[in-house]
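Reader: I have a model open and would like to go through its parts. Can you show me what we are looking at?

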Amino acid sequence: MPITQAREIAAASRLENVRYAIRDLAVVADELTRQGHRILPLNIGDPINFDFQTPSHLIETVYKAMKDGKNGYAPSQGIPQALEAIRAEGVRKGITSVQDAFVTTGVSETVDICLAALLNPGDDILTPSPDYPLYSAVLAKLGIGLNTYWLNEDDAWQPDLMDIHQKITPRTRGIVLINPNNPTGSVCSRPMLEQIAELARRHNLVVFADEIYDKLILDDDKHISMAAVAPDVPVVTFGGLSKNYLAPGWRVGWGIVSGDAGAVKPYIEGIHRLLRSRLCANHPEQYAIKAALEGSQHHLVEVRKKLRSRRDLTIKWCNSTPRVSCISPRGAFYAFPRLEIPEGDDVFVKELLVQKHVLVVHGSGFGQKPGTNHIRIVFLPDEKTLGKAYESIAEFIQTLLRIRSPPPATQPICGTCGSAGKGDPLTSVSAPVFESIRNT
């Protein structure tokens, strides 16, 4: 008789900390779609889902590469034309100490390889809070504990330098700087970059400068690259085609390593070992890198114009809606409004999806200070779609306010004077508010 294996195959325990809030909610949205509901998606930063198109000259370049037979394996580091263009882009960004460049399958792989090449068990790196959840997911996969530093909402979401300084330990190897930031849309000032660079020098840290949105600055100021400010500091600058060049599905990213040549040489060798171990990034799509970086940039004018208008609409709504406020994003296409709500933002977004069929992401999925609640909004849709979504969110919040308003007999007692008073309609009862909404 054949032996039947009946024991459960458990996943690795380190995966318990792997979360990806942006896509986890899509499971609920998919079920609602199957039920016939139309979802207003404000959750994923994919421009191609909306009225944006990949520039035609990039498509033609990739098509030609495929027709010309560029469909086999590429060099592990990347094709020469792409590497030359990436290095030149580094120089245009003001990086005077470029030591290496390499191509990856999206910036997600850049992050994965660069962290894996640096960190040993027991090490840590500083990651921002809030941040893009890819970083915590990769660190969990590597078995590395989180060491997060705060972004200061009261200072336009700039990094909290004092908190960074206090979080550095003898095992801290690097610091992640997402600039422009996802999810807040903040952009670091030059003085802030200079002060972070000084901390990196003092503590021998590698700076991971995620600058995937560097051409999507929505105001008149110019993006400043960390590696340009600190040519002597070991910096890996992340870039790619997904956002600036509207080609997220091509999965084309890259890294630029800069700093003192002798200091970064062993680290670069480690990165190359990992690049070789996974063979190569997508081959024909790599031919679009040179076309993107050195060809027409005209599409960016229209992209920024659309995003600026949609950003302004978003902020106007946020700051005119009760219980909502928001720091205006200066880059990328995300807003991170703060909500004054009774329950957690994770509960809020699920019930918003179920009740109003609007899909946003809970702020706790990116990290936030205790006692605060946020949501991340992707303002890529057209103004009409955004207006409809914002109207639905406002209606949902008003429903919360009405349900939270207590009858006279249950008015809260003032903790100071002992008398009944108006209290805060959002905090004066402890009834299960969202269950009440579900039953209305």
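Predicted model: local features only at pLDDT ≥ 70, side-chain atom pairs only at ≥ 80, totals over all residues.

Reader: OK. What is the strand order in the open sheet of eight strands?

Author: The order is 2-9-8-7-6-3-4-5, and the pairing is mixed. Strands here are DSSP runs of E with at least two residues, helices are runs of H or I with at least four, and both are numbered from the N terminus. Two strands pair if DSSP finds at least two bridges between them.

Reader: Which strands stand at the edges?

Author: Strand 2 (98-105) and strand 5 (158-159). Each has a single partner strand, so one side of each is left without a neighbour in the sheet.

Reader: How many bridges join strand 3 to strand 6?

Author: Three, between residues 124-129 and residues 172-178, and the two strands run parallel. Ile125 stands opposite Gly174 of strand 6, and Leu126 stands opposite Ile175.

Reader: And strand 3 to strand 4?

Author: Four bridges, again parallel, with strand 4 covering residues 147-152.

Reader: Is strand 3 buried or exposed?

Author: Mostly covered: six of its six residues are buried. Buried means under 20% relative accessible area, exposed means over 50%, and partly exposed is in between, with a 1.4 Å probe and protein chains only. Asp124, Leu126 and Pro128 point one way, Ile125, Thr127 and Ser129 point the other way, and all are buried.

Reader: What about strand 7, how many of its residues are buried?

Author: Five of the five, so strand 7 is largely enclosed by the rest of the structure. Val206, Phe208 and Asp210 are buried on one side, and Val207 and Ala209 on the other. Strand 7 pairs with strand 6 in the parallel sense over five bridges, and Ile175 stands opposite Val207.

Reader: Switching to helices. At what angle do helix 5 and helix 10 pack?

Author: About 125°, for helix 5 at residues 106-118 and helix 10 at residues 261-277, with their axes 9 Å apart. That makes helix 5 oblique to helix 10. Angles under 35 degrees count as roughly parallel, over 145 as roughly antiparallel, 65 to 115 as roughly perpendicular, and the rest as oblique. Axes are lines fitted to C-alpha atoms, for helices over the stretch in contact, and angles run from 0 to 180 degrees between N-to-C directions.

Reader: Which residues make the contact?

Author: Helix 5 gives Ile113, Cys114, Ala116, Ala117 and Leu118, and helix 10 gives Tyr267, Gly270, Ile271, Leu274 and Leu275. Contact means heavy atoms within 4.5 Å.

Reader: Which other pair of helices packs, and at what angle?

Author: Helix 4 and helix 11 (residues 287-294), at about 30° with their axes 8 Å apart. They are therefore roughly parallel to each other. Gln81, Ala82, Ala85, Ile86, Ala88, Glu89 and Arg92 in helix 4 meet Tyr287, Ile289, Lys290, Leu293 and Glu294 in helix 11.

Reader: Last one. Where is Asp68?

Author: Asp68 sits in the loop between helix 3 (56-67) and helix 4 (80-92). Its relative accessibility is 46%, so Asp68 counts as partly exposed.

Reader: How far is Asp68 from Pro284 in space?

Author: 9.5 Å, C-alpha to C-alpha, although Asp68 and Pro284 are 216 residues apart in sequence.

Conventions:
Residues numbered from 1 in each chain as written. Heavy atoms only, no water.
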